Amino acid sequence: MTTIKKEDLHSLPSPEKPTPVSTVVISKEEDAYDIADTTVIPVIDRHESIPKTEGDIVSEEITTIEDQVETEKSELGSDLINSEQTPTDIKDTNKNPNNLKIASHFEQVRSSIDVPPGQNMADFVTPPTPGLPPNFEEEIEDELRKAEIESAPPTYPKSATSDIPLLRINFDAVRANNKPPRAQEKYDADMLTGMGLFFNNQFSEAKAIFETKAREDPLYSFGLAAMSFIKAITSYNPKDVESALAKLTETYLFADSQIEAASAKKPLKDTVSHYFTNLMGTNPTHLPTNTRALTKYELQDQCFISNGALRAHVIKAECSLLMAIVFLSMETAVGYIKAGLNLRRAYNSYSLVWQEYKRMGQDFNKYMDQDTISAIQFGIGSVHLLLSSLPPKILKIVSAFGWAADKHLGFALLKLCLEGKRIRSPLASLMLLSYYVTLTSYAPQILTQELIQPAIECLLDAQHSYPNSAFFLYFAGRVSRLARNLPLSTQSFVYTYEVSQGDWAETTMGLLATFEIAFNSAMGLDWASAAIRVLELQSKYNSPSFLKYFYGTCMEMLGNRTDAILSFAEAPGLVEKRRKTQIEQFVMSRVAFFEISGYQDLDFSLPALEILYTWNTFPCMTQPVLETCLELIETTLERIYEREKLEYDIRTVELVPNTATPDYYDQRGVLLLMKASIFNALGRFTEGIVHINWIVDHKDKFKNTNWIVPFAYWESGNICWGTEDYKRARMLWENTLVYSGYDFEFRLATRLNLAIQHAIELGVPETPSNKSDGKGKTTHGRKRMSIVTSKSTVIANSS
């Protein structure tokens, strides 16, 4: 295996065929955080004339794009991630009056979650329980070894993967699963093989394996449902979402029927005891703590819930967990409520299995199969990690639990699941990578330094097991983007697209990769390439209204005002009426704002840069490109000034003119907000202060752009963080939480929550609130306060 180092990045040969991804690894020994000198993509002037028809644009550009893709494929030599800069390190604690101590959080997590092989993980979450270590017999190890993917046959039957229909299972005819743990592991060996095929891009073969037992076993049915789930969260197509929810619901009922057949529900006594114990106690994880491990004498007479029933409970919980993630991805209030209900159902089932698992003590391997144990680790870890990343504003809507999530426990359990190399292990890798990449994308200036290294380590581990997986190639592109290496990011997305063609992933990962390539083009200010990619996705991926609006912004930046206006006018009509996401609400509000002036004031806005700003991409863009964006903003501000000067000149010569006074506060506010954000991304924090102050001073003037002020407070916190005024940064972020009812409210709330929690972990103290308690004068127990001054008061005053 060849290792590509940083100094070799610019001297890689360009072979006739692209270098196989499987022969490339990231060198851990090298510094993976310095950005290499990146060639700046030529900038096309937004007012430059282009061909009149859309077809001419596509025909002229498509050849260039194809050549560019071939060049990118030939130049791909490594997944080396370069970074020009990271958010400001907090090095000199003497400057900080609070004497902050920044420790390596993830090193502490890694060192605290090492569980000895064969030990019950419950012992490392709750007080240790007595018991004997399990004794694996040699024949058991041989059976497990045979289940490894490397020993599987080289060829498998294929199945059409375009659609995954419902199985139409007769739930009344479902029988109990009475297989013992070792027999269950042997039965599930095909499922392990199918998961390996799935993450090695052999989707048809994996689907064929899942289908062989999908009507007789809920785990194999869950494999098909998981494929529908991945398609739903990558395409954001309402039809795919409905299909995934229907498939997950069917599998949920399948597993529940198997539980009913085994009569293995939680006794009412245990339910009530569990409720009051956790209600009155201080258990942060909400896992059962009143359950002790049984002694060896008690174990002889004890009957646990059967392994098949526990397995069905876990599958039932996993269906609820995946449905919750689908609802969360909708970014709607109704979606958050449904997500909360499903998270509650999932955790109830996980808690029941955990309680049985803990009672088994160190003999758990006699009563539970390894994949069910791995499923507990994946499920409970995912729930804690998921809830720990949600802001209080969303948690209030979700209202799933009355306890605080423990992300340390989430990391610990997912790591154990990952190390087990069982059926859920690649899913644990996806969950961890999603956490690292998504959270860093929300607040790159604050979290990149902390999360980029564990993200790379997790990616390396995943690529070692699945070197050509479309899923991990996609995350390689996201990580490269966070490191400001857009060319390498685009190459990863191109490979994701290539390995996804002609199979199930073509309409999932392929379209997702195309969308990311379009965004990378926009981040390089290559508006023509971005427009072509968006055209490819129209009516196939994501929100049609947003894609139409995105295409219009590209046309506006290219100077094609006619096509831009037509696209803007069509966008609101493509909004899904039943559910309006935050993105669609933003599109509708911006188009409505442009229509106020009949699109005559488009010269005073930069809608394409607004998209880049609201997606928080400025911190991931290179310095030359950001400097070009500053020039575009400055030119647009000058146009506003010239228009205001002209309209005020009219009022100096004309008495009581019919024209209204100039009102360009919304346009200027958005431009100054983006300007301040770019200064923050460039590390020139103090240069944005004057612009943020102007926004705050005129916060009552923004009639049509209600998101300017809360985002301005977010940027003000970034300025303070960059200038090492951490206490005030936290105060400003906390003050931003009082705003509500604006576009992208939940997204900003997530950013604020992550930044505030990061500040708390670093020891940044809270600023005491100066708010009054809101109470007036006391009546001292009387029904009403006296209006006339009492005699005693008059006498006291006279004396």
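C554 counts as buried because its relative accessibility is 0%. Buried means under 20% relative accessible area, exposed over 50%, and partly exposed in between, with a 1.4 Å probe and protein chains only. C720 is also buried, at 9%. A search of the whole structure finds 0 disulfides, a disulfide being a pair of cysteine sulfur atoms within 2.5 Å.

This is a predicted model, in which local features need pLDDT of at least 70 and side-chain atom pairs count only at pLDDT 80 or more, while totals for chains, interfaces and linings use all residues. Residues are numbered from 1 along each chain as its sequence is written, and side-chain values use heavy atoms, leaving out hydrogens and water.

Now the overall fold. The protein chain has 33 helices and 2 strands. Both are DSSP runs, numbered from the N terminus: helices are H or I with at least four residues, strands are E with at least two. Of the 799 residues in the protein chain, 56% are buried. Take the contacts with a separation of 6 or more: 77% of them join residues 24 or more positions apart. Contact means heavy atoms within 4.5 Å.

Start with helix α6, residues 203–213. It is mostly covered, with 9 of its 11 residues buried. Among them are F203, E205, I209, F210 and K213. The buried residues of α6 pack against α4 (181–187), α5 (189–198), α7 (218–235) and α19 (470–482). A charge sits over a ring if NZ of Lys or CZ of Arg is within 6 Å of the ring centre and within 35 degrees of the ring normal. R747 likewise lies over the face of W615, at 4.9 Å from the ring centre.

Next comes helix α8, residues 238–262. Its 25 residues should span 36 Å at 1.5 Å a residue, and its end C-alpha atoms are 36 Å apart, so the two agree. The expected span is 1.5 Å times one less than the number of residues. Just after α8, S263 takes a positive phi of about 50 degrees.

Move on to T372, in helix α14 (residues 370–388). T372 counts as buried because its relative accessibility is 2%. Its side chain joins that of D369 through a polar contact of 2.7 Å. A polar contact is a pair of N or O atoms within 3.5 Å; within protein, one must be able to donate a hydrogen and the other to accept it, and residues adjacent in sequence count only if both atoms are side-chain atoms. Leaving aside neighbours within four places in sequence, T372 is in contact with N307, L310, R311 and V314.

Aromatic rings are the next stop. The structure holds 42 aromatic pairs. One is edge-to-face: the ring centres of Y336 and F746 are 4.9 Å apart, with planes at 90 degrees. This pair links distant parts of the chain, Y336 in helix α12 (residues 333–359) and F746 in helix α32 (residues 745–761), 410 residues apart. Rings of Phe, Tyr and Trp (its six-membered ring) pair if their centres lie within 6.5 Å; planes under 30 degrees apart count as stacked, over 60 as edge-to-face and the rest as tilted. Y336 is buried at 3% relative accessibility, and F746 is buried at 14%.

Finish at N735, in helix α31 (residues 726–736). N735 counts as partly exposed because its relative accessibility is 38%. Its C-alpha atom is separated by 10.0 Å from that of L752, 17 residues apart along the chain.
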